[in-house]
Amino acid sequence: MNCIVGVDVGTTNVKALAMPSDLSQIIAHASAPLTTLNPEPGYAEQSPDEIWSAFVQVMSEVSREVAQRGHTITHVAFCTAMHSLLPMEADGKPTGNAILWSDNRAEAEAASLRSAKADLGKAIYKETGTPIHPMIPLCKLAWMREHDPRLLRRTAHFGSIKEFLWHKLTGEFEIDFSIATATGLFDESKRSWSPKALEFAGVRADQLSTPVPTTYQRPYQPRPETAGIGLPNDVSLVIGASDGCLANLGAGAIKPRTATLTIGTSGAIRQTVRKPLRDAEIRLFCYYLDEGYYVVGGPTNNGGNVLEWVSEKLTQQDTKTVLDEASTIPPGSDGLLFLPYLQGERAPLWNAAVRGAYLHVDWQHSRAHFVRAALEGVLFNLLNINELLTKHTGSARVIHANGGFAQSTFWVQMLADMAGIPVRLNASNESGSMGAILLTLKAIGEVKTLDEAAERVAFGDTFEPDLARHKAYRAAFKQWEEDLKKV
């Protein structure tokens with residue numbers, strides 16, 4: 001049996017999933033962890049060597065298991081995190097670490113596009129669909145322009161983690177339209193690099209990759225350094241899209257008024273629309289998935305990392321104990337509220353300097369209250385983003401949930417109760433890899449549209465909202481929104 005491998009390169013893991021085109025079974029699966037480096041306050045980096053080693057590990061494991069089961073890999077497709085920036089030599093060799101989405105060193109450069117150069121910032125957003133924030137390569141390059149101009153001038157090529165891997169496997173510098181729209185440098189309507197964005201960033205177009213559609217394919221080019229991967233020499237590589245866009249596709253959330261809420265390390269809430277969308281106040285992103293499919297929404301810096309903080313630093317308990325403890329407290333945490341901005345914030349504030357806080361702390365509040373309020377705060381923030389989103393797209397009728405938080409039935413039920421609409425899980429929680437596989441079906445002509453591809457997604461449990469708990473959460477959310485206005 002022939003199969004497709006979807007590779008998901010995230011912030012904390014590299015994962016690979018092998019499935020046949022009918023998605024009838026998981027043939028193989030592998031995962032390897034990644035380490036985030038914080039060499040200075042506000043910095044977030046990863047070693048490209050570690051990323052490549054993790055990629056080789058998961059691909060070799062999947063390739064071996066696929067072969068042992070008598071199957072053949074025909075295509076490998078890529079899903080990667082957005083907003084990374086990696087300086088490289090002309091031969092693709094990295095000259096430094098990859099700067100991640102969570103890196104805030106370019107705060108001043110982003111602030112200038114929101115204040116002193118606001119007209120330029122608005123013009124760039126209109127072209128690119130990328131909100132102005134330190135996360136985006138546009139601002140990271142501008143930071144280099146100010147702080148390390150020699151590096152900017154002498155670097156032959158700037159790319160993302162995906163472009164680094166793609167060059168390793170094909171020998172070409174190419175970037176898909178989806179990752180490109182998340183750079184803040186790409187004019188989405190013209191399908192080319194924006195001159196005004198390039199000028200602000202201080203780079204030339206020839207220092208960036210050639211933009212290509214998300215269904216673009218190239219043959220794998222075996223080299224001595226790729227021998228350990230174990231892929232057949234005739235395998236075809238599909239460049240794929242970004243993790244946020246493919247999470248929507250992999251969750252089967254392609255139809256109008258169907259939201260996808262993802263919480264991994266960070267989080268996001270998104271809908272798929274049929275044409276580009278812009279928010280007048282530059283609060284929402286709009287990224288390319290495929291021709292006629294765009295993913296609009298808002299990201300948060302503070303998702304599963306809040307649970308990690310509560311577990312490791314606040315309570316020093318394992319996550320199961322933390323979640324069990326939180327379940328003993330009623331919805332709304334008896335008035336205790338939490339603003340979850342532990343690492344600054346993207347949507348809805350787009351403020352890298354903001355920080356978290358507990359509000360309305362009372363004598364009655366126990367450790368369990370603090371835990372539950374933190375979990376509620378993460379969802380309140382995402383639902384606040386959703387209110388911005390629905391002004392453009394209409395209210396969602398159902399939420400498709402994925403990411404690490406979807407493994408907690410308690411947290412997912414909390415989302416259903418807060419939102420007041422059903423929350424649906426997928427049969428597989430690997431929505432990024434699944435989305436890459438579904439996009440491949442379109443690339444190879446097995447389906448004509450992504451709507452048709454999404455019909456192959458299998459679902460798991462659906463969580464219905466409890467109306468009494470929803471009423472309690474509406475009151476708490478109203479207070480939470482009032483408190484947020486004071487930030």
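Is arginine 191 buried, partly exposed or exposed? Arginine 191 is partly exposed, with a relative accessible area of 22%, where buried means under 20%, exposed over 50% and partly exposed in between, computed with a 1.4 Å probe on protein chains only. This structure is a predicted model, in which local features need pLDDT of at least 70 and side-chain atom pairs count only at pLDDT 80 or more, while totals for chains, interfaces and linings use all residues. Residues are numbered from 1 along each chain as its sequence is written, and side-chain values use heavy atoms, with hydrogens and water left out.

**Sheet and helices**

- Helices (H or I, at least four residues) and strands (E, at least two) are DSSP runs numbered from the N terminus, and two strands pair if DSSP finds at least two bridges between them.
- An open sheet of 6 strands runs in the order E3-E2-E1-E5-E14-E13 with mixed pairing, and its edge strands, E3 (28-33) and E13 (217-219), each pair on one side only.
- From one strand to the next, the twist of this sheet averages 20 degrees, with axes taken as lines fitted to C-alpha atoms, for helices over the stretch in contact, and angles running from 0 to 180 degrees between N-to-C directions.
- Strand E2 (residues 13-19) pairs with E3 in the antiparallel sense over 6 bridges, and lysine 15 has serine 31 in E3 as its bridge partner.
- Helix H1 (residues 48-68) lies across strands E1 (2-9), E2, E3 and E5 (72-80), and runs at about 160 degrees to E3.
- Helix H9 (residues 243-250) lies across E5 and strand E14 (236-242), running at about 100 degrees to E14.

**Nonpolar cores**

- A nonpolar core is a set of buried Ala, Val, Leu, Ile, Met, Phe, Trp, Tyr and Cys residues joined through side-chain atoms within 4.5 Å.
- The largest such core has 121 residues, of which Leu138 and Leu289 touch the most other members, and helix H12 (residues 367-393) supplies its largest share, 12 residues.
- Another core, of 42 residues, lies apart from the largest one and has Ala28, Trp52, Val56 and Ile161 among its members.
- Contact means heavy atoms within 4.5 Å, and leucine 138, leaving aside its neighbours within four places in sequence, is in contact with residues including Leu113, Ile124, Phe200 and Ala201.

**Cysteines**

- A search of the whole structure finds 0 disulfides, a disulfide being a pair of cysteine sulfur atoms within 2.5 Å.
- Cysteine 139 is in no disulfide, and the nearest cysteine sulfur, that of cysteine 286, is 19 Å away; cysteine 139 is buried, with a relative accessible area of 0%.
- Cysteine 286 is likewise in no disulfide, with the nearest cysteine sulfur, that of cysteine 245, 8.5 Å away, and cysteine 286 counts as buried at 2% relative accessibility.

**Backbone features in loops**

- Most residues other than glycine have a negative phi, and most peptide bonds are trans.
- Leucine 23, in the loop between E2 and E3, has a positive phi near 60 degrees, and at 12% relative accessibility this leucine 23 counts as buried.
- Arginine 191 is not a glycine but has a positive phi of about 55 degrees, and arginine 191 is found in the loop between strand E10 (186-187) and strand E11 (192-193).
- The peptide bond from alanine 347 to proline 348 is cis, with omega near 0 degrees, and proline 348 lies in the loop between strand E19 (337-339) and strand E20 (357-359).
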